[in-house]
Amino acid sequence: MLHRGRESTDGDGGPAVPMAWFYAEYIADELLRTGDLMPPTSVEFRAGRDALALTVFLSDTDGELSGIRVITQLETWLSLTAYDQPWQEWVQERLDDLATDAAASGRGTPGQDLELAVEAWRWLRETELLAPDLNAVPGGGAAGEDEGPKVWTPAWQLGLPLGHLAIHLF
């Protein structure tokens with residue numbers, strides 16, 4: 001991303017600001033808010049935002065994502081978040097690659113951007129949300145939104161299709 005690296009807010013070499021991650025989160029947040037799919041205060045919105053932010057952050061392999069290039073990346077993000085893609089494996093591989101690159105560069109520890117991405121991925125994997133069971137056998141009458149079978153689902157499995165739909169609606 002354009003702001004990748006360890007930067008200070010005041011130019012004196014102070015604490016690093018994880019601008020690449022913050023920018024990815026901002027893009028994801030704007031896509032979801034534009035789609036108006038969930039209330040921004042809901043845990044489902046957070047799942048969608050984190051899944052999209054990971055997609056945005058990890059797909060920027062050249063470190064050059066700027067505001068103008070966001071539009072050109074929408075197709076890439078759509079393909080990465082599509083239903084038939086192994087998104088979770090891709091995320092883990094990219095995170096592992098970035099951690100390996102950080103270690104090989106002599107930094108020793110990953111940057112704050114990568115730390116925030118890893119934390120988002122941990123939350124998406126470990127948090128389960130109660131969601132409609134889309135694999136349930138149909139029948140038994142018409143069920144409303146709050147009726148019907150539900151199952152505990154990892155947050156990424158709910159957030160990823162939300163993010164995908166938000167990209168479509170943008």
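**Entry 1: the end of α1**

The model I am reading is a predicted one, in which local features need pLDDT of at least 70 and side-chain atom pairs count only at pLDDT 80 or more, while totals for chains, interfaces and linings use all residues. Residues are numbered from 1 along each chain as its sequence is written, and side-chain values use heavy atoms, with hydrogens and water left out.

I wrote down that helices (H or I, at least four residues) and strands (E, at least two) are DSSP runs, numbered from the N terminus. For accessibility, buried means under 20% relative accessible area, exposed means over 50%, and partly exposed is in between (1.4 Å probe, protein chains only). Asp36 has a relative accessible area of 63%, so it counts as exposed.

**Entry 2: the whole chain**

I counted six helices and four strands in the chain, and reading along the sequence I get the pattern β-β-α-α-α-α-α-β-β-α. Of the 170 residues, 39% are buried. Taking a contact as heavy atoms within 4.5 Å, I noted that residues 24 or more positions apart account for 69% of the contacts with a separation of 6 or more.

I then looked up pLDDT, the predictor's confidence in each residue, from 0 to 100. The chain has a mean pLDDT of 82, and 75% of its residues reach 70 or more. Over residues 1-10 pLDDT stays under 50, and for this stretch the model has 35 contacts beyond four places in sequence. I reminded myself that where pLDDT is low, the predicted coordinates should not be read in detail.

I checked helix lengths against an expected span, which is 1.5 Å times one less than the number of residues. Helix α1 (residues 19-35) has 17 residues and should span 24 Å, and its end C-alpha atoms are 24 Å apart, which agrees. Among the buried residues of α1 I listed Trp21, Tyr23, Ile27, Asp29 and Leu32.

Helix α4 (residues 87-104) has 18 residues and should span 26 Å, and I found its end C-alpha atoms 25 Å apart, which agrees. In α4, Trp87, Trp90, Val91, Arg94, Leu95, Leu98 and Ala102 are buried. They cover an arc of only 130° around the axis, which puts them on the same side of α4; the arc is that of the directions from the helix axis to the C-beta atoms. On the other side of α4, I noted Thr100 and Ala104 as exposed. After α4 comes Gly106, whose phi is positive, near 90°.

**Entry 3: α2 against α6**

At what angle do α2 and α6 pack? I read off about 75° for helix α2 (residues 43-59) and helix α6 (residues 155-169), with their axes 7 Å apart. The axes are lines fitted to C-alpha atoms, for helices over the stretch in contact, and angles run from 0 to 180 degrees between N-to-C directions. Angles under 35 degrees count as roughly parallel, over 145 as roughly antiparallel, 65 to 115 as roughly perpendicular and the rest as oblique, and α2 and α6 are therefore roughly perpendicular to each other.

Where the two helices meet, I found residues of α2 including Glu44, Ala47 and Leu52, facing residues of α6 including Leu158, Gly163 and Ile167. In α2, 13 of the 17 residues are buried, so this helix is largely enclosed by the rest of the structure.

Trp77 and His164 are 87 residues apart in sequence, and their C-alpha atoms are 7.8 Å apart in space.

Pro149 lies in the loop between β3 (128-132) and β4, and at 48% relative accessibility I counted it as partly exposed.

Lys150 I found in strand β4 (residues 150-154), partly exposed with a relative accessible area of 35%. Lys150 and Leu130 are 20 residues apart along the chain, and their C-alpha atoms are separated by 6.3 Å.
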